[in-house]
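Work through the following exercises with the sequence and the model open. Each task is followed by a solution in steps.

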Amino acid sequence: MSNVGQPVNHKYIFRVYINASQKIIWDAVTKAEWTQQYGYGWRMEYDLRPGGGFWVFTGEILKKNGAERGIKIPDLLCKGNVIEVDAPYRLGICWQMEIENQTSENSTTDLIYEIAEVHGGFSRLSLTLERRQAAKFPLIGSEAFASGLEGFNWRLILCDLKSLLETGKGFML
């Protein structure tokens, strides 16, 4: 049975415990100078108010990986809006990919960051990712979405952020 043209929802929750304060994690998630130091080296920029803009600019790693797969990765990878802000506890954003022929125009992703201090200087970073899509192409499969339908491995990104904040360097870049 084909899922082409059918609405599809996927929701995943990722958690990591980091030896850092909520404020430090908040800055690492929301400040461009931090966001390009972990994960895939992309630079995220926010207008941190409900209804404000959200932009993801690609780094060289994504452009190289895309070229190896025959996909031209644009400088602006994603754009969207800030849904909610409660610094340094919670940030909600909604976005669409900007890669030609890779997503449906009705396809959106919601991402909620929640940061909670737990004990002993550690904080828990929870990331809830929900994708709503009116598919124009066959889906890769829900198991692939857990690592990133667009090819992003969210578990790896969070582990890289943890490494950066605890040791001063990430392992992906």
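**Exercise 1. Burial in helix 1**

Task: Find which residues of helix 1 are buried.

Solution. The model is predicted. Helix 1 covers residues 22-30. A residue counts as buried when its relative accessible area is under 20%. By that cut-off the list for helix 1 reads Gln-22, Ile-25, Trp-26, Asp-27, Ala-28, Val-29 and Thr-30. This makes 7 of its 9 residues buried, and the helix is mostly covered.

**Exercise 2. The two faces of strand 2**

Task: Assign the residues of strand 2 to a covered or an uncovered face, then describe how strand 2 pairs with strand 3.

Solution. Step one: Met-44 and Tyr-46 make up the covered face, while Arg-43 and Glu-45 make up the uncovered one. Step two: strand 2 and strand 3 (residues 53-57) run antiparallel and are joined by 4 bridges. Step three: the residue of strand 3 that stands opposite Glu-45 is Trp-55. Step four: the hairpin formed by these strands has 6 residues between them, and Gly-51 has a positive phi near 90° there.

**Exercise 3. Aromatic pairs**

Task: Count the aromatic pairs, and classify the pair of Trp-42 and Trp-154 by its geometry.

Solution. The count is 6 aromatic pairs. For Trp-42 and Trp-154, the ring centres are 6.2 Å apart and the planes make an angle of 45°. Planes under 30 degrees apart would count as stacked and over 60 as edge-to-face, so the remaining range is tilted. The pair of Trp-42 and Trp-154 is accordingly tilted. Trp-42 sits in the loop between helix 2 (32-35) and strand 2 (43-46), and Trp-154 in helix 5; the two are 112 residues apart, and the pair links distant parts of the chain. Then check burial: Trp-42 has a relative accessible area of 3% and is buried, and Trp-154, at 5%, is buried as well.

Tyr-46 and Phe-54 are both buried.

**Exercise 4. Salt bridges**

Task: State how many salt bridges there are, and examine the one between Asp-75 and Lys-63.

Solution. There are 8 salt bridges. In the one between Asp-75 and Lys-63, the closest N and O atoms are 2.4 Å apart. Asp-75 belongs to the loop between helix 3 (60-68) and strand 4 (76-86) and Lys-63 to helix 3, so the bridge ties together parts that are 12 residues apart in sequence. Lys-63 has a relative accessible area of 24% and is partly exposed.

Task: Compare the setting of the bridge between Glu-114 and Arg-90 with that of the bridge between Glu-166 and Lys-162.

Solution. Glu-114 and Arg-90 have their closest N and O atoms 2.5 Å apart. Glu-114 is in strand 6 (residues 108-119) and Arg-90 in strand 5 (residues 90-97), 24 residues apart, and the pair links distant parts of the chain. Glu-114 is partly exposed at 32% relative accessibility, and Arg-90 is partly exposed at 26%.

Glu-166 and Lys-162 meet at 3.0 Å, N to O. These two residues are 4 apart in helix 5 (residues 154-167), which puts about one helical turn between them. Glu-166, with 35%, is partly exposed, as is Lys-162 at 24%. As for networks, salt bridges with shared partners join Glu-84, Arg-90 and Glu-114 into one.

**Exercise 5. Contacts of Thr-167**

Task: Is Thr-167 buried or exposed, and which backbone oxygen does its side chain reach at 2.6 Å?

Solution. Thr-167 lies in helix 5. Its relative accessibility is 55%, and Thr-167 therefore counts as exposed. The side chain reaches the backbone oxygen of Ser-163 at 2.6 Å. A polar atom of the Thr-167 side chain also lies 3.0 Å from the backbone oxygen of Lys-169. Finally, the C-alpha atoms of Thr-167 and Asn-19 are separated by 9.9 Å, although the residues are 148 apart along the chain.

Terms used:
Residues are numbered from 1 along each chain as its sequence is written. This is a predicted model: local features need pLDDT of at least 70, side-chain atom pairs count only at pLDDT 80 or more; totals for chains, interfaces and linings use all residues. Side-chain values use heavy atoms; hydrogens and water are left out. A salt bridge is a side-chain nitrogen of Lys or Arg within 4 Å of a carboxyl oxygen of Asp or Glu. Buried means under 20% relative accessible area, exposed over 50%, partly exposed in between (1.4 Å probe, protein chains only). A polar contact is a pair of N or O atoms within 3.5 Å; within protein, one must be able to donate a hydrogen and the other to accept it, and residues adjacent in sequence count only if both atoms are side-chain atoms. Rings of Phe, Tyr and Trp (its six-membered ring) pair if their centres lie within 6.5 Å; planes under 30 degrees apart count as stacked, over 60 as edge-to-face and the rest as tilted. Two strands pair if DSSP finds at least two bridges between them.
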